Amino acid sequence: MTQARTVTLPSGAKVPALGQGTWHMGDHPARRSDEIAALRRGLDLGLTVIDTAEMYGSGAAEELVGEAIRGRRDEAFLVSKVLPSHADRKGTAAACHASLRRLGTDRIDLYLLHWRGSVPLHETVDALESLVSEGSIGSWGVSNFDVDDLEDLPDGAHPQTDQVLYNLTRRGPEYGLLPRCRELAIPVMAYSPVEQGRLLGHEALAAVADTHGVSPVQVALAWVLRRDDVIAIPKASTTSHVEENHAALGLHLTDEDLRTLDASFPPPTREQPLDVL
Ligand code: NAP
């Protein structure tokens, strides 16, 4: 099997650099069994970080994840998210307990604030710390936080990750956010790492894929995974897609590949606001 690559979180937990997303899973009954089989195949292959959220299908994705990990809870590193509209003291706890019920477990390994809303950050962080103390979550983090949002976290607060939009067509974070996260020792979780499939037809990707005899999706994932402090969480609904994505861990992009990709997907030359999907 392809060698597992890990990223170490501030807590010391080592998690695989390639995980699995679940947005839109559970939306269509006809796809349900394939989606569950895909997540389970991912677990077999060591893609044990499973990312979900109370928002996805209004809980349907969490229920599907719960079914996929039944009997295998301890193999998974579960990530879920609280909506900003729920992120006050009481609401965060209620949202977390509802997520736990849907997931069929008593612990979420990493619980994220989905994006910043109007609740003061110190209140959300207090609520998250209380959930850590009671054992409902192992740790907490943030999502869609730009550099200034990270600065606004209360003193002493240390998120385990910032989950942000990052892929070949969304390189903005390379200018300010990724370097800042590295300084703060916060690994980044790259969401939509293949731009929801939209980038897969790109010529430059095909050219690099051809030189290695691999597929464009594998090049797109290997590119995100070239950094040692980034976790990628592609969503794949079939076992064959999961297997293809897993094989990206074995692809090493050369300097020439990176130059080819830079020519078509230029790195940022100035600060730009964080994109969100
Ligand atoms: P993505 O992972 O970039 O792309 C998913 C799309 O790529 C799906 O249509 C999938 O098709 C396709 N795909 C995956 N593997 C493939 C393969 N080997 N060959 C061809 N197509 C393939 O987009 P995403 O779902 O938006 O992002 C990933 C995860 O990040 C989400 O599911 C969610 O967990 C998380 N996310 C978080 C936020 C946030 O605000 N924190 C926002 C967006 C996403 P199939 O489904 O048919 O396999």
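Mentor: Before we start, contact means heavy atoms within 4.5 Å. This is a predicted model, where local features need pLDDT of at least 70, side-chain atom pairs count only at pLDDT 80 or more, and totals for chains, interfaces and linings use all residues. Residues are numbered from 1 along each chain as its sequence is written, and side-chain values use heavy atoms, with hydrogens and water left out.

Trainee: What makes α8 mostly covered?

Mentor: Buried means under 20% relative accessible area (1.4 Å probe, protein chains only). Eight of the nine residues of helix α8 (216–224) are buried, so the helix counts as mostly covered. They are Val217, Gln218, Val219, Ala220, Leu221, Ala222, Trp223 and Val224.

Trainee: What covers the buried residues of α8?

Mentor: The cover includes β8 (188–191), α7 (203–212), β9 (230–232), α9 and α10 (255–264). Helices here are DSSP runs of H or I with at least four residues, and strands are runs of E with at least two, numbered from the N terminus.

Trainee: Why is the largest one called a pocket?

Mentor: On a 1 Å grid over the protein atoms alone, a pocket is an open set of points with protein on both sides within 12 Å along at least five of seven lines; lining residues have an atom within 4 Å of a point. The largest pocket has a volume of about 770 Å³. It has 37 lining residues, with Trp23, Ser192, Gln196, Ile233 and Lys235 closest to its centre. Helix α9 (239–247) gives the largest share of that lining, three residues.

Trainee: Which residues lie nearest the centre of the second largest pocket?

Mentor: Leu225, Arg226, Leu251, His252 and Leu253, out of 13 lining residues. That pocket holds about 210 Å³.

Notes. On a 1 Å grid over the protein atoms alone, a cavity is a set of points where a 1.4 Å probe fits but cannot get out, and a pocket is an open set with protein on both sides within 12 Å along at least five of seven lines; lining residues have an atom within 4 Å of a point. Grid points are joined across faces, edges and corners, and a volume is the space filled by probe spheres set on the points. Buried means under 20% relative accessible area, exposed over 50%, partly exposed in between (1.4 Å probe, protein chains only).
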